[in-house]
Amino acid sequence: MSGHYPGSCLCGGVRVRLEADFERFYLCHCVYCRKDTGSAHAANLFASTARLTWLSGQEQLRSFKLPATRHTRSFCAVCGSALPSASDERVVIPAGCLDPELEKQPDAHIFFASRAAWECGIAGIPTCEGFPPS
């Protein structure tokens, strides 16, 4: 899936444009990604080459590299939203930072053996279109 994709953070202060061929789309259940997101998994797109153009708010961009790992998290210093990060090897794009709806489906769950115990068996729980009824 190649193209041009606008992205932004929750507060709108950071805006980015990506020119990318998304090679992989993974739902990562590793403990680092669960800590990053506060959720069951991270949803990240991977590209060996991508062009990131920061349109606004680059001064709000922060990155944290977990020592002795390949794990890096880039985020907005104002609202904490996950943002793309680039290394010499790859560009990692949090799927949720992209503004348009993605047509690409995830390729795989990774580090699935590390998933949260509470995530097992959630397929059958009730769903709500918005907030649950009072």
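A nonpolar surface patch joins nonpolar side chains within 5 Å of one another, taken from residues with over 30% relative accessible area and no salt bridge. In this predicted model, Trp118, Ile122 and Ile125 make such a patch, with an area of about 340 Å².

**The segment after strand E11**

Ile122, one of the patch residues, is located in the segment that follows strand E11 (108-110). Its relative accessibility is 38%, and Ile122 therefore counts as partly exposed. Glu119 also has its place in the segment after E11. Glu119, however, is buried and has no salt bridge. The nearest side chain of opposite charge is that of Arg115, at 5.4 Å; a salt bridge requires the nitrogen and the carboxyl oxygen to be within 4 Å. When residues up to four places away in sequence are left out, Glu119 touches His29, Ala40 and His41.

**Salt bridges**

How many salt bridges does a search of the whole structure find? The search finds 4.

| Pair | Closest N to O |
|---|---|
| Arg51 and Glu19 | 3.7 Å |

The salt bridge of Arg51 with Glu19 connects two strands: Arg51 belongs to strand E5 (residues 50-56) and Glu19 to strand E2 (residues 15-21), so the pair ties together parts that are 32 residues apart in sequence. Glu19 is partly exposed, its relative accessible area being 24%.

The remaining two pairs in the table can be described by the accessibility of their members. The cut-off for burial is under 20% relative accessible area.

**The sheet of E6, E7 and E8**

An open sheet of 3 strands is arranged in the order E6-E7-E8, and its pairing is antiparallel. Which strands stand at the edges? Strand E6 (61-65) and strand E8 (82-83) hold these positions; each has a single partner strand, so one side of each is left without a neighbour in the sheet. Strand E7 (residues 72-76) is joined to E8 by 2 bridges, and the two strands run antiparallel. Within this pairing, Ser74 has Leu83 in E8 as its bridge partner.

Notes:
Residues numbered from 1 in each chain as written. Predicted model: local features only at pLDDT ≥ 70, side-chain atom pairs only at ≥ 80, totals over all residues. Heavy atoms only, no water. Patch = residues over 30% accessible without salt bridge, like charges linked within 9 Å, V, L, I, M, F, W, Y side chains within 5 Å. Areas by Shrake-Rupley, 256 points an atom, 1.4 Å probe, with all protein chains shown as cover. Helix = DSSP H or I, 4+ residues; strand = E, 2+ residues; numbered from the N terminus. Buried < 20%, exposed > 50% of the residue type's maximum accessible area, 1.4 Å probe, protein only. Lys, Arg positive; Asp, Glu negative; His and termini not counted. Contact = heavy atoms within 4.5 Å. Pairing = 2+ DSSP bridges.
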